[in-house]
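Here is a short briefing to read alongside the coordinates. Please keep the viewer open while you go through the points.

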Amino acid sequence: MPSGIPAPSRGFQNRRKCGNLMQGRIHSLESFGTVDGPGTRFVVFVQGCPMRCAYCHNPDTWDMNGGTLMEPSYIIEQYEKNKAFYANGGGLTVTGGEPLMQVDFVTELFTLAKEKGIHTCIDSSGIAFNSNNTPLLLKLDKLMALTDLVMLDIKHIDPEKHRELTQQPNENILKFAAYLDEKHVDMWIRHVVVPGITDDEKYLFDLGYFIGQFHNLKALDVLPYHTMGEKKYESLGMEYKLKGVPPMDKDKLIEKKKAILNGIKKRREEISLN
Ligand code: SF4
């Protein structure tokens, strides 16, 4: 567990959900996150993800049954210990794994956070979204009312290439972006540029053209692929699918970001003309 945050005692881990006691499956906690939203942040890495991104750095978060059970109140207690550090416009971020796979837990956590005036952020792939699932939508409506920012990771705009890269379709992910716009939840889009896989400028333009329609789009984070995750796969005895793919050249990244920005610009011009 990073940052020396103590794991709850064994007794705590073994406690089952009882009455209204809600627990989440947590991979780890990080008390000084600087890349997971605005300012310095307390970061909760939840356990469990249905995606299988070829470049995932955290394959140890995939297992839905792993992790440590924690109560929301325990997490808020850990936040409060260092709350002075988050006063620079920071707050609480839930990432993973996939936070929306534990929607009830995150809702309870954010309920407690909002009672204390904490800025709340979810970093999600959007894969759990399903516009045909009314009970889920009701839960998401409740969660989004407590969420200040969603960082939505769009892995690939092309449906087929998205499936190749992540083993999952992107239809619901793109619908989730539209849902966030409808709910007026601020959205940052994140996109990892992998040489030969997600760096085609036509698709990057298409990504920009897609997100350019949304009024809630507040930022675009274009991240370079790096190979640091490879060692983790080795240590877990897992196959690393991107073996031999070089890290993304940071100078070229500027051009790639420009392609996305051009797509955004084009869409916004069209919208203002209509
Ligand atoms: S969505 Fe995130 S946690 Fe899940 S496989 Fe992809 S990179 Fe890994």
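H7 and H9 cross in a right-handed sense.

**H7 with H9**
- Helix H7 covers residues 201–211 and helix H9 covers residues 250–273; their axes are 6 Å apart and the packing angle is about 40 degrees.
- On the H7 side, the contact uses Glu201, Leu204, Phe205, Asp206, Leu207, Gly208, Tyr209 and Ile211.
- These H7 residues meet Lys256, Ala259, Ile260, Leu261, Asn262, Gly263, Ile264, Lys266 and Arg267 in H9.
- Sorted by class, the contact of H7 with H9 holds nine nonpolar, three polar and five charged residues.

**H3 and its two partners**
- Helix H2 (residues 72–81) and H3 have axes that come within 9 Å, crossing at roughly 45 degrees.
- H2 and H3 are therefore oblique to each other, and H2 passes H3 in a right-handed crossing.
- From H2, the residues in this contact are Pro72, Ser73, Ile75 and Ile76, while H3 supplies Phe105, Glu108, Leu109, Leu112 and Ala113.
- The contact of H2 with H3 is made up of seven nonpolar residues, one polar and one charged.
- H3 (residues 103–115) also packs with helix H4 (residues 134–144): the axes come within 9 Å and cross at roughly 25 degrees.
- H3 and H4 are therefore roughly parallel to each other, and their crossing is left-handed.
- In this pair, Val103, Asp104, Val106, Thr107 and Phe110 of H3 meet Lys139, Leu140, Lys142 and Leu143 of H4.
- The contact of H3 with H4 divides into five nonpolar, one polar and three charged residues.

**Around the ligand**
- Which residues are around the ligand? They are Cys49, Met51, Arg52, Cys53, Cys56, Asn58, Thr61, Gly96, Gly97, Glu98 and Ser125.
- By class, this shell has four nonpolar, five polar and two charged residues.
- Gly96 and Gly97, both among the residues around the ligand, are joined by a cis peptide bond with omega near 10 degrees.
- Gly97 sits in the loop between strand E4 (91–95) and H3, so the ligand shell and the helix pairs of H3 can be viewed together.

**A backbone detail to check**
- Gln167 has a phi near 70 degrees, which is a positive value in a residue other than glycine.
- The place of Gln167 is the loop between helix H5 (159–166) and helix H6 (171–182).

**Confidence**
- The protein has a mean pLDDT of 93, and 93% of its residues reach 70 or more.
- Over residues 6–18, pLDDT stays under 50, and the model has ten contacts beyond four places in sequence for this stretch.
- Where pLDDT is low, the predicted coordinates should not be read in detail.

Methods. Residues numbered from 1 in each chain as written. Predicted model: local features only at pLDDT ≥ 70, side-chain atom pairs only at ≥ 80, totals over all residues. Axes fitted to C-alpha atoms, helices over the stretch in contact; angles between N-to-C directions. Helix = DSSP H or I, 4+ residues; strand = E, 2+ residues; numbered from the N terminus. Parallel < 35°, antiparallel > 145°, perpendicular 65-115°, else oblique. Left-handed = near helix turned anticlockwise from the far one by under 90°. Contact = placed C-beta atoms within 7 Å. Nonpolar A, V, L, I, M, F, W, Y, C, P; charged D, E, K, R; others polar. Near = placed C-beta within 6 Å. pLDDT = per-residue confidence, 0-100.
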